[in-house]
Amino acid sequence: MKNYFDKWEEKLNELCITYEIPIRSIAEIILDPKVLPMIRGKAFEYSVAEHLREKLPDSVWSVGQPRMNAQSGQHDVDL
């Protein structure tokens, strides 16, 4: 079974099709000053999770990244 990251091009293409994003414009969209800070914030979460998984033993710790839509009255959980 392929690792998720081995299929990044396929996943990106599927995302663009699903959300009607022109794939030829994806770099410009990501670099937009309104979008880039959000992407950097999410990238930081993934980077921290990866480092924690490398450093903490699986037998004691579990690192997760819950997918949720934080709403008023709910605490936003990153890791």
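Helices (H or I, at least four residues) and strands (E, at least two) are DSSP runs, numbered from the N terminus. The protein chain contains three helices and zero strands, and from the N terminus on its elements run α-α-α. The structure is a predicted model, in which local features need pLDDT of at least 70 and side-chain atom pairs count only at pLDDT 80 or more, whereas totals for chains, interfaces and linings use all residues. Residues are numbered from 1 along each chain as its sequence is written, and side-chain values use heavy atoms, with hydrogens and water left out.

Confidence is expressed as pLDDT, the predictor's confidence in each residue, from 0 to 100. The mean pLDDT of the protein chain is 85, and 81% of its residues reach 70 or more. Among the helices, confidence is lowest in α3, at a mean of 92, and highest in α2, at 94. Where pLDDT is low, the predicted coordinates should not be read in detail.

Accessible areas were computed by the Shrake-Rupley method with a 1.4 Å probe; for residues, only the protein chains shown count as cover. The protein chain exposes about 7400 Å², of which carbon and sulfur atoms supply 56%. A residue is termed buried under 20% relative accessible area, exposed over 50%, and partly exposed in between (1.4 Å probe, protein chains only). Of the 79 residues of the protein chain, 5% count as buried. A contact is defined by heavy atoms within 4.5 Å. Of the contacts in the protein chain with a separation of 6 or more, 15% are accounted for by residues 24 or more positions apart.

The loop between α1 (8–18) and α2 (26–31) includes E20. This residue has a positive phi of about 50° although it is not a glycine. Most residues other than glycine have a negative phi, and most peptide bonds are trans. E20 is classed as exposed because its relative accessible area is 72%. I21 also lies in the loop between α1 and α2; its relative accessibility of 24% is the reason that I21 counts as partly exposed. When neighbours within four places in sequence are left aside, I21 is in contact with L15, C16, I26 and I29. One of these partners, I29, is placed in helix α2. I29 has a relative accessible area of 34% and is therefore partly exposed. Residues up to four places away in sequence not being counted, I29 touches I21 and V35.

Helix α3 spans residues 36–55 and holds E45. A salt bridge is a side-chain nitrogen of Lys or Arg within 4 Å of a carboxyl oxygen of Asp or Glu. A search of the whole structure finds one salt bridge. K42 forms a salt bridge with E45, and the closest N and O atoms are 2.9 Å apart. Both K42 and E45 lie in helix α3, three residues apart, about one turn of the helix. The side chains of E45 and K42 also make a polar contact (2.9 Å), a term for a pair of N or O atoms within 3.5 Å; within protein, one must be able to donate a hydrogen and the other to accept it, and residues adjacent in sequence count only if both atoms are side-chain atoms. E45 has a relative accessible area of 14% and is therefore buried, whereas K42, at 41% relative accessibility, counts as partly exposed.

Helix α3 also contains I39, which is partly exposed because its relative accessible area is 34%. I30, L31 and I39 make a nonpolar surface patch of about 250 Å². Patches are made of residues with over 30% relative accessible area and no salt bridge; like charges are joined within 9 Å, and nonpolar side chains (Val, Leu, Ile, Met, Phe, Trp, Tyr) within 5 Å.
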